[in-house]
Amino acid sequence: MGLSKSKYTKFCQCPKMLWMQTYKPEEEVVDEGAMARFEEGNKVGDLAMRLFGEYTDVTTTKADGKLDLEAMIRKTHELIDKGSDNICEASFSFNSEEFGLNYCAVDILRKTENGYAIYEVKSSTGSDDSKKNSPSVLEKYAIDIAYQKWALIKCGINVTGCNLVRLNANYYLEGDLNEKELFHITDMNAVVDKKYALVESNVRDAARIQNTETEPEKPLGKHCKNPYACAFWNYCSRNLPKPSVFDLYDGRNSIKLYEQGKVGFGQLNDSDLTDIQKLQVKGITHIDKDGIKQFLSKISYPLYFLDFESMMYAIPQFQKTKPYQQIPFQYSLHYMQTEGGKLEHKEFLAESGKDPMRKLAEQLCKDIPLDVCTIAYNKTFECGRIKELALMFDDLKDHLLNIASHIVDLLDPFKDGFYYLPAMGSSFSIKSVLPALYPDEATLNYHNLAGQVQNGGEAMNLFPKIKDMAPEEQKKARESLLKYCELDTYAMVKVLEKLKDAVK
């Protein structure tokens, strides 16, 4: 068993999380999005190794692909004895009766005049902005670093500094990638010192948890979602009534209600709920015709329905982009010239592996005329992407901003409470609204889509991989992307039809 820095942080968030990882790891649920973020994080970590010039990476694997921790520890001490300046994945371990077995690997261990400084690399973004460096943000990283500092001191290393390395939120790629500008370094000494005082007590308690086969009791609470969503949530919430307060729409008050002993819908009072939550809890169909008419008055013809698919890279791949910028690579566009007129369709899908933005922006300006009404679902996303494109391409700026200024949000009548069906449950996403409005139409069911894409996350993950596929696989992947995105805009057409029917 033993502790590592990742296990220690799990314990600090919730002791039961550490116990579950030790005794019931099969209950952990890791989604594809988390796996994709993990892959991006590895890329960030690999690039950060070059931050201070020459370095030695001690990472060593066995024949079965697992890390050879003993070899990594041995290499680390050999490099320290040689006086190496930068050691990556520097590994340390000690075992004692009081604290048990402890192991940690430091992302970058940098030699200083009197010892070594710790540089913990995270794939999140940072800057000098107060929000990025607020105590609540930095403290979640300080827990990890404090454990590393403690473990190194126990191994006889004089720790002279603690630092956090994140991607620079304000970095834009211009020309070749500049690692020194890409990364933002935060001095963590003061924040780490506060957490350091708690390490020994926490390590003792964590060792006891790991050596206790009896499952600890731990009520649900804020720790289940903060600072990181727990992958054991399904297991720990398995005995909750269905539905529970955690199924409420906009459930920001769910934890508070749960801690008050209000768990099932039957225990909730009107005073506990927002107007939409009241509809949900009581299972009421609600149609506000005046509200829907007010929304429909914003729509004019010709009418366009727009949906983007996008990808994002932690490390910018294209010029004038920044870390985690959403890069649109595809759109679907349904349109009709007159009300009740013929429904037509256009689409764009870029070539995988190449910067898609210029071609997409140009085609979008050709496909959507000036001053026409365009519908999007949750328009914040589409408007955000269009405005970013306008900043990048000055010659297209006026047309792009004109498109953005004429977008109407089809989400509004639902989130404003004008139209609610019990089947919508706690979500007004298009994938919840559509089957509630059309429960028996198989052609409108995303799960019936043939291929590899049934949601935006799958589209985001698939598109960058197409460039490495065989031609036949590429063709199938592109067809899957096109069908998925086309359904998104066709879904909007059908949703609008239902809104119109409701006020006839």
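1. Asp-193 has a relative accessibility of 43% and therefore counts as partly exposed, a class that lies between buried (under 20% relative accessible area) and exposed (over 50%), with a 1.4 Å probe and protein chains only. In this predicted model, local features need pLDDT of at least 70 and side-chain atom pairs count only at pLDDT 80 or more, while totals for chains, interfaces and linings use all residues. Residues are numbered from 1 along each chain as its sequence is written, and side-chain values use heavy atoms, with hydrogens and water left out.

2. Asp-193 forms a salt bridge with Lys-149, their closest N and O atoms being 3.3 Å apart; the term stands for a side-chain nitrogen of Lys or Arg within 4 Å of a carboxyl oxygen of Asp or Glu. Because Asp-193 lies in helix α7 (residues 189–196) and Lys-149 in helix α5 (residues 135–154), the pair ties together parts that are 44 residues apart in sequence. Helices here are DSSP runs (H or I, at least four residues), numbered from the N terminus. Lys-149, at 14% relative accessibility, counts as buried.

3. The structure holds 29 salt bridges, and Lys-5, Asp-107, Glu-120, Lys-122 and Asp-144 are linked in a network of them.

4. Phe-414 and Met-424 touch the most other members of the largest nonpolar core, which has 83 residues; such a core is a set of buried Ala, Val, Leu, Ile, Met, Phe, Trp, Tyr and Cys residues joined through side-chain atoms within 4.5 Å. Helix α19 (residues 471–502) supplies the largest share of this core, eleven residues. A second, separate core of 49 residues includes Val-58, Val-106, Ala-142 and Phe-232.

Technical notes: Helices (H or I, at least four residues) and strands (E, at least two) are DSSP runs, numbered from the N terminus.
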